[in-house]
Amino acid sequence: MLDQRLRQVKEDLLTPLIRGPLRRVHPDQVTWAAFGLGLGSALAASQGSFRLALGLWMANRLMDGLDGTMARVRKIQTDWGGYQDIVLDHVVYACIPLGIAWSSGKTEVLLACAVLQASYFVNTISWCFLSALLEKRAAELVRSGQLTSVNMPAALIEGSETFLFFLAFLLWPQWAGQGFWLMSLLVCWGVGQRWQIARHLLSKP
């Protein structure tokens with residue numbers, strides 16, 4: 001919901017850094033560094049080290065916002081870069097709730113985490129396949145004004161909202177079970193939004 005509004009702000013903030021101190025760093029290096037930080041956050045959460053997990057999560061998000069901007073500013077964008085970025089992001093998105101749930105040791109939190117993972121699964125196919133079909137219909141990224149590798153129809157829960165939810169989970173792990181249920185509900189709401197978008201756009205020959 002917030003991603004499209006915040007992307008240009010992020011580009012403007014990070015561009016001076018990319019043209020200065022980070023001018024010799026390759027975007028792929030940043031992508032994999034972000035992945036390592038994300039896995040570290042999940043591992044720290046699984047051990048109950050939530051302050052460390054929180055710091056690593058925030059560092060992961062900063063690095064994740066950097067690689068795409070870096071590629072665009074230097075005009076070295078590749079489909080491979082976009083692909084590995086989104087896949088590694090989703091590994092982190094899966095692992096951090098698992099780490100929090102494991103740390104709790106509570107059946108009800110583990111169940112809520114399982115439901116959240118299921119909602120991810122449905123959500124991912126809802127936007128990935130819709131994106132593929134929109135690309136097939138020549139919904140060009142330039143025309144839509146998006147700054148991502150593929151056309152990603154907006155929904156209630158996107159990257160920005162995921163960041164905020166995970167931030168809350170790590171700040172208040174004692175409420176993680178309830179948070180997992182709430183996020184699952186909102187993710188499913190987003191699936192419904194994309195269903196309506198798909199019905200409107202794809203039912204036409």
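Predicted model: local features only at pLDDT ≥ 70, side-chain atom pairs only at ≥ 80, totals over all residues.
Which side chain does D89 meet in a salt bridge?

Residues are numbered from 1 along each chain as its sequence is written, and side-chain values use heavy atoms, with hydrogens and water left out.

Start with the overall fold. The chain has 8 helices and 0 strands. Helices here are DSSP runs of H or I with at least four residues, strands are E runs of at least two, and numbering starts at the N terminus. Of the 205 residues, 42% are buried. Buried means under 20% relative accessible area, exposed means over 50%, and partly exposed is in between, using a 1.4 Å probe and protein chains only. Now contacts, meaning heavy atoms within 4.5 Å. Take those with a separation of 6 or more: residues 24 or more positions apart account for 78% of them.

Back to the opening question. D89 meets the side chain of R61, at 3.4 Å, N to O. A salt bridge is a side-chain nitrogen of Lys or Arg within 4 Å of a carboxyl oxygen of Asp or Glu. D89 lies in helix α4 and R61 in helix α3, so the pair ties together parts that are 28 residues apart in sequence. The structure holds 2 salt bridges. R61 also pairs with D64, at 3.3 Å, N to O. Those two both sit in helix α3, 3 residues apart, about one turn of the helix. Together R61, D64 and D89 are linked in a network. Are D89 and R61 buried or exposed? Both are buried. D64 is buried too, with a relative accessible area of 13%.

Next, the nonpolar core. That is a set of buried Ala, Val, Leu, Ile, Met, Phe, Trp, Tyr and Cys residues joined through side-chain atoms within 4.5 Å. The largest one has 29 residues. Those with the most contacts inside it are W57, I100, F166, L170, F180 and M183. Elements giving two or more residues to this core include α2 (27-46), α3 (50-74) and α5 (107-136). Which helix gives the most? That is α4, with 6 residues.

Look at F180. Leaving out residues up to four places away in sequence, F180 touches P97, I100, A101, V109, A112, C113, L116 and F169. C113 on that list is buried, at 2% relative accessible area. C188 is partly exposed, at 43%. How many disulfides does a search of the whole structure find? It finds 0. The cut-off is a pair of cysteine sulfur atoms within 2.5 Å.

Finally, the outside. F121, V122, I125 and F129 form a nonpolar patch on the surface, with about 450 Å² of accessible area together. Patches use residues with over 30% relative accessible area and no salt bridge; like charges are joined within 9 Å, and nonpolar side chains (Val, Leu, Ile, Met, Phe, Trp, Tyr) within 5 Å. Areas come from the Shrake-Rupley method with a 1.4 Å probe; for residues, only the protein chains shown count as cover. F129 sits in helix α5 and is exposed, at 52%. The chain exposes about 11,600 Å², and carbon and sulfur atoms supply 69% of it.
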